[in-house]
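Trainee: I would like to go through this model step by step. Please start with the terms.

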Amino acid sequence: MSSPDTLARLEATIAQRLSADPDSSYVARLNAKGPGKIAQKLGEEATETVIAALTESREALVGEAADLIFHLMVLLAAKDVPLADVMAELDRREGTSGIAEKAARPKD
Ligand SMILES: N=c1c2ncn([C@@H]3O[C@H](COP(=O)(O)OP(=O)(O)OP(=O)(O)O)[C@@H](O)[C@H]3O)c2ncn1[C@@H]1O[C@H](COP(=O)(O)O)[C@@H](O)[C@H]1O
């Protein structure tokens, strides 16, 4: 079934696979290459998502968006950032206008 639980289940599966056998697990193989490689993969998937959104079918966009979210989840897991922390940040922003949110952010 598809729901917010989907991401929670995926997070648990990824956590379990991070240190699995790279011969049998894509997550383990990618994690063994380090956060730099995972981040590079995430960037590639982001580009593929943009291309799909602008030039490909709705089905292609759904597929690329799934790849993008999956690779973001792998990067968060590799960096020990629980999805709950990201959700809490989104909850904090809920009900705030995006413009006000940007103004409240610390300047770089
Ligand atoms: N959701 C996914 C998922 N989405 C995409 N992918 C993999 O991500 C890769 C996408 O990269 P590319 O399209 O660039 O294909 P590629 O050429 O194989 O990749 P590279 O060799 O360039 O790294 C493919 O190998 C896909 O199989 C995923 N692999 C795993 N999952 C989930 O993660 C779980 C654990 O997977 P394992 O670690 O393999 O057990 C699975 O049960 C799924 O729920």
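Mentor: Helices (H or I, at least four residues) and strands (E, at least two) are DSSP runs, numbered from the N terminus. A residue is near a molecule if its C-beta atom, placed from the backbone, lies within 6 Å of it. This is a predicted model, in which local features need pLDDT of at least 70, side-chain atom pairs count only at pLDDT 80 or more, and totals for chains, interfaces and linings use all residues. Residues are numbered from 1 along each chain as its sequence is written.

Trainee: How many helices and strands are there in the protein?

Mentor: From the N terminus on, the elements run α-α-α-α-α-α. The count is therefore 6 helices and 0 strands.

Trainee: Which helices each supply at least two residues of the shell around the ligand?

Mentor: The ligand is surrounded by L10, T13, R17, S25, Y26, V27, A28, D67 and F70. The helices that each supply at least two residues of this shell are α1 (4-17), α2 (26-32) and α4 (58-78).

Trainee: How many residues of each class does the shell around the ligand have?

Mentor: Ala, Val, Leu, Ile, Met, Phe, Trp, Tyr, Cys and Pro count as nonpolar, Asp, Glu, Lys and Arg as charged, and the others, Gly among them, as polar. On that basis the shell has 5 nonpolar, 2 polar and 2 charged residues.

Trainee: Against which helices do the buried residues of α4 pack?

Mentor: In α4, the buried residues are E64, L68, H71, M73, V74 and A77. They pack against α1, α2 and α3.

Trainee: Why does helix α5 lie largely in the open?

Mentor: Helix α5 covers residues 83-93.

Trainee: Which residue just after α4 takes a positive phi?

Mentor: The phi there is about 60°. Just after α5, G95 takes a positive phi of about 85°. Just after α4, the residue is D80.

How values were computed:
A residue is buried if 20 or more other C-beta atoms lie within 10 Å of its own, exposed if 12 or fewer, and partly exposed in between; C-beta atoms are placed from the backbone. Two residues are in contact if their C-beta atoms, placed from the backbone, lie within 7 Å.
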